[in-house]
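Me: I'd like to talk through a protein model with you, one question at a time. Could you take me from the overall picture down to single residues?

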Amino acid sequence: MQTTHLLCSGESTCLISEFACRFCSAYGSTPFHVFFLNLESTLLAGPTQTSIFSFRWSRYLLNYLYAISSSLGPKYSIAEATGLSPTEYGLLTGYGFSLTFVITGLFMGRAADSQSRRNIIAIGCVIWSMALAAMGMATGFPELLLFRLFLGFGEAFSNPASYSMISDLFPPEKRPAANGMFASAVYIGGGLASLSMLGGQAIGWRAMMLVTALFGVLAAGALIFTTNEPYRQQKVSAAAAKDQQGVTKVKSVDLATTTDNSIGATLWFLVSDRHTALLLAAASIRFCGGYVIGGYLPTFFQMKFDNDQYASLNAFVVAVGGFVSSWLGGRITTAWIESAKEGASNRRLPASEKANYLVPAIGSFAGIPFFLITLYSGNFYVALLVGLFGEYLVAESWFGPYMTALQGGVPPSMRGMAVATMLLFANFLGSLASLIVGASIGSTDGSHASLGTIILISVSVSYVGAAALFLTASSTKPSSPMDFGQVNAPAKDGHSESSPLLAEVKATVGSAGSAEEGGEDELHL
């Protein structure tokens with residue numbers, strides 16, 4: 001009988017996977033074969049991460065260009081060139097982006113569950129790059145708003161498809177680290193956006209937007225020419241019989257055919273399942289703090305310190321602090337979960353089944369003291385390199401574990417829609433927070449102290465509220481944990497229960513009877 005590893009589909013994603021699958025066919029599933037597939041998964045994520053550099057850079061470029069002083073003139077200041085008011089800027093960073101982003105995201109989430117995710121990301125990358133280039137030619141607020149909405153439309157193509165790909169490339173226990181590594185690219189893109197303040201001051205804000213748009217087009221090309229679509233785990237094989245070696249004879253079953261995958265039914269499942277609803281609410285509240293920090297902290301620093309080193313040092317803080325936090329959060333969570341597999345009971349870390357929830361909660365709580373230093377230190381370097389860097393280092397560890405928890409509680413054929421739905425609610429509330437802060441600034445004395453107070457209240461409520469919801473979700477069992485290979489889902493008492501989807505798949509296979517016994521492959525579960 002031929003033996004096949006979980007990721008061997010017969011459809012190679014690159015030369016490494018093709019070699020690995022041929023090696024597997026000849027010699028069986030071995031540690032060498034697993035090594036090649038893990039290497040392939042890591043390399044496959046590279047071009048996708050490059051598109052995320054462009055995604056974040058393009059999205060937050062406006063935030064940093066807006067912070068350039070109007071005294072430099074219309075060539076360098078977007079506010080001076082277009083006459084942007086604080087309220088209009090708040091609209092551009094909020095609903096002026098998220099309106100199209102969240103609505104389109106629902107359709108892209110559905111598309112990510114059935115179409116080529118590589119092509120979806122690449123097409124979106126080209127669209128948002130063209131929109132950014134058009135923004136660089138705008139002369140007033142109406143044009144900026146129109147092209148910013150197109151930017152949100154294009155960027156909606158990215159996240160559902162990207163995280164869906166990761167779900168198919170890594171097993172459940174490895175996903176926190178994989179998601180964390182992928183999310184770390186977001187902070188490199190944020191660092192590039194911060195450095196763009198220097199670029200805008202050197203070549204002008206319009207030229208800086210064109211440079212960023214060109215990078216996005218190149219990233220789309222790199223993705224198309226270096227990456228193939230990975231195999232979908234939703235087309236799994238259901239168990240029929242096991243031999244003494246733990247190898248399972250299987251027949252192929254497409255889980256999409258056993259579940260109602262219409263947009264309406266999927267949305268209803270996601271919002272009616274208490275576990276998923278709690279996670280959606282947690283991310284939505286957590287995003288509010290991120291919107292406020294990204295939208296108004298650059299202006300706060302410029303108002304309070306007006307230091308020429310802000311752009312470069314903030315780029316270091318965002319890129320390095322965010323990258324390390326995201327990567328480390330994923331690694332810590334993975335190690336925490338895998339400690340449950342240790343043979344000696346004294347090596348098992350407590351609450352390992354809740355690691356995906358506890359890491360985001362701890363990071364949110366730990367970020368608040370550092371943020372107080374950021375806002376109230378009178379020293380520019382302490383505020384930035386101790387306060388903000390420390391805040392990034394602990395608080396940004398949340399996204400990788402969170403995405404693993406969210407996708408682990410829904411069927412594989414709904415993972416793209418789960419990400420899209422999260423982004424719908426999160427960006428809606430985040431945009432509302434940005435708009436409220438922008439309007440609130442107009443009713444104050446306009447000082448950095450007033451702005452700092454508004455930012456502190458917004459971020460503190462966001463972090464504490466999100467942490468409380470993460471902790472609540474950790475004690476709430478998903479109604480249907482759907483990870484392929486996760487035959488039994490952990491219950492609250494530490495024992496395991498059969499997944500409802502597994503029972504559905506078993507019933508599907510059972511109904512097929514004993515037809516056609518020969519010719520099945522074997523799959524290591």
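Predicted model: local features only at pLDDT ≥ 70, side-chain atom pairs only at ≥ 80, totals over all residues.

Me: How many helices and how many strands does the protein chain have?
Reply: Let's start with the whole chain. Of its 525 residues, 55% count as buried. Among contacts between residues at least 6 apart in sequence, 80% join residues at least 24 apart. As for secondary structure, the tally is 19 helices and six strands.

Me: What average pLDDT does the chain get, and which stretches fall below 50?
Reply: The chain averages a pLDDT of 77, with 75% of the residues at 70 or above. One stretch below 50 still has 69 contacts in the model beyond near neighbours in sequence, and that is residues 1–45. Another stretch below 50 has 91 such contacts, and that is residues 481–525.

Me: Is α12 roughly parallel or antiparallel to α15?
Reply: The axes of α12 and α15 (residues 380–395) come within 14 Å. On the α12 side the contact uses Arg286, Ile293, Leu297 and Phe301, while α15 brings Phe380, Ala383, Leu384, Leu388, Glu391, Tyr392 and Ala395. α12 passes α15 in a left-handed crossing. The axes cross at roughly 165°, so α12 is roughly antiparallel to α15.

Me: And how do α6 and α7 run, roughly parallel or antiparallel?
Reply: Helix α6 covers residues 117–135 and helix α7 residues 141–155, with their axes 7 Å apart. Residues of α6 including Gly124, Trp128 and Ala131 meet residues of α7 including Leu144, Phe147 and Phe150. The crossing of α6 past α7 is left-handed. Their angle is about 165°, so this pair is roughly antiparallel.

Me: Why does Asn159 count as buried?
Reply: Asn159 sits in helix α8, which spans residues 158–169. Not counting residues up to four places away in sequence, Asn159 touches Ile52, Phe55, Phe101, Val419 and Leu423. The cut-off for buried is under 20% relative accessible area. Asn159 counts as buried because its relative accessibility is 11%.

Me: Last one: how far apart in space are Leu469 and Arg286, C-alpha to C-alpha?
Reply: Leu469 lies in helix α18 (residues 448–474), and at 18% relative accessibility Leu469 counts as buried. Beyond neighbours within four places in sequence, Leu469 is in contact with Leu278, Ala281, Ala282 and Ile285. In sequence, Leu469 and Arg286 are 183 residues apart, but in space the C-alpha to C-alpha distance is 9.9 Å.

Notes: Residues numbered from 1 in each chain as written. Heavy atoms only, no water. pLDDT = per-residue confidence, 0-100. Contact = heavy atoms within 4.5 Å. Helix = DSSP H or I, 4+ residues; strand = E, 2+ residues; numbered from the N terminus. Buried < 20%, exposed > 50% of the residue type's maximum accessible area, 1.4 Å probe, protein only. Axes fitted to C-alpha atoms, helices over the stretch in contact; angles between N-to-C directions. Parallel < 35°, antiparallel > 145°, perpendicular 65-115°, else oblique. Left-handed = near helix turned anticlockwise from the far one by under 90°.
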